[in-house]
Amino acid sequence: MRVRIAVLVAGLGLASLAQAAELREVRLWAGPDSTRVVFDLSAPVEHRLYPLSKPERIVIDLNGIARPSGVSLPAESKGLVRALRSGERPDGLRVVLDVTEAVKPKSFILQPSGQYGYRLVVDLEGQAKAEQPPPVFTAENKPVVVAIDAGHGGEDPGARGRNGLLEKDVALQMARKLARMVNAERDMRAVLIRDGDYYVGLRGRIEKARKAQADLFVSIHANSYKDRAVRGTAVYVLSRNGASSEQARWLANHENAADLIGGVDIPDKDDTLAAVLIDIAQSSAREASFDVGGRLLKALGAVNALQRRDVQQAAFVVLKAPDIPSVLIETAFISNEREERLLGDPASQDRLVRSMLDGIKGYFSSYRPMQQVAYGEGADTGRHAAP
Ligand SMILES: [Zn+2]
């Protein structure tokens, strides 16, 4: 096996590298496709990372760093990591990850943000698992698919309440509850964008929803503000500016653009046609987003005070699927003590989620999903015509 050695330098100047850095904590996060190891550091460090086989393992050398006696490595196996070991080296610390299979490692340094300081992140990607083929639907039997996105996750906790409640946790709890309720409905099916404490990239979230042929994308969050008196529920859809910049992105890739309109080939260089088609998809998705957003506000307003009476607009990346009506719900302010209690209370969560379901059902009872029509014809061969 070819051994590839990656040498990465934080690039923050030699002065800071010269200071001895300290390892403060090591965390392990397992997602369905990858496993993430995070080293909490007092300062950026130079590191070297390489895989070895027989048995499969990843060696991480951290230069100029000592492990203080108080820091212990995660003891439990998680995802692709079976065990972590460490040993002193003359010029630093060596950490060895025993892995369950040959993995592709990637690493980068994160700058301090929020509660975290410098972090070295090592992402391990396993062999592509035999991907389950997406279910094939015809226009007649396709259920309404609702993609439910629990905001944040893993190393990204989102906002934190004064009593320690984390946005990523309440978002996942409510997402799972909503998924159960959606799946209990006839002709409706939920897809959880994340179903565990791990991070999914924002574009990856949209991608997952599109693969699942989602008819609606609902992202669940909790809000936070420095003024702890601020409270209430708000619902967001993609702003016009956000939509235009996204159109340019899609135009830059003709294959994407063709995929967007159900496999119709757009002749190369015919940007005008592509722009028109993308614009049509985006406009109808945005109109539908406002419709479902309004219904969600009305339903949620019966459970909690509203921060804003109207559907709000913002350029949130997760709302940028050009062909899926998408809404982001700021369920309540986790920074407000009363609403932190509400968010952490299972019975209140049930009431919030039940009202989300009411809004969603109201929307689907009057709005025929566009996708259903677009996917209908070519459903037996997927979205692209078979050769
Ligand atoms: Zn959030």
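Hi everyone, let's start at the metal: the zinc ion is coordinated by His 152 through NE2, Glu 167 through OE and His 221 through ND1, at 2.0 to 2.2 Å. Donors here are N, O and S atoms within 2.8 Å of the metal (3.2 Å for Na, K and Ca), and water is not among the atoms, so sites may look incomplete. This is a predicted model, where local features need pLDDT of at least 70 and side-chain atom pairs count only at pLDDT 80 or more, while totals for chains, interfaces and linings use all residues. Residues are numbered from 1 along each chain as its sequence is written, and side-chain values use heavy atoms, leaving out hydrogens and water.

Along the chain, the zinc donors follow the spacing H-x14-E-x53-H. His 152 sits in the loop between strand 11 (144-150) and helix 2 (167-183), and Glu 167 is in helix 2, so this pair ties together parts 15 residues apart in sequence. Helices (H or I, at least four residues) and strands (E, at least two) are DSSP runs, numbered from the N terminus.

Are these two buried or exposed? His 152 counts as buried at 18% relative accessibility, and Glu 167 counts as buried at 4%. Buried means under 20% relative accessible area, exposed over 50%, and partly exposed in between, with a 1.4 Å probe and protein chains only.

Six strands form an open sheet in the order 12-11-13-16-14-15, with mixed pairing. Its edge strands, strand 12 (188-192) and strand 15 (312-314), each pair on one side only; pairing requires at least two DSSP bridges between two strands. Strand 14 (residues 234-238) pairs with strand 15 in the parallel sense over three bridges, and Leu 238 stands opposite Ala 314 in strand 15.
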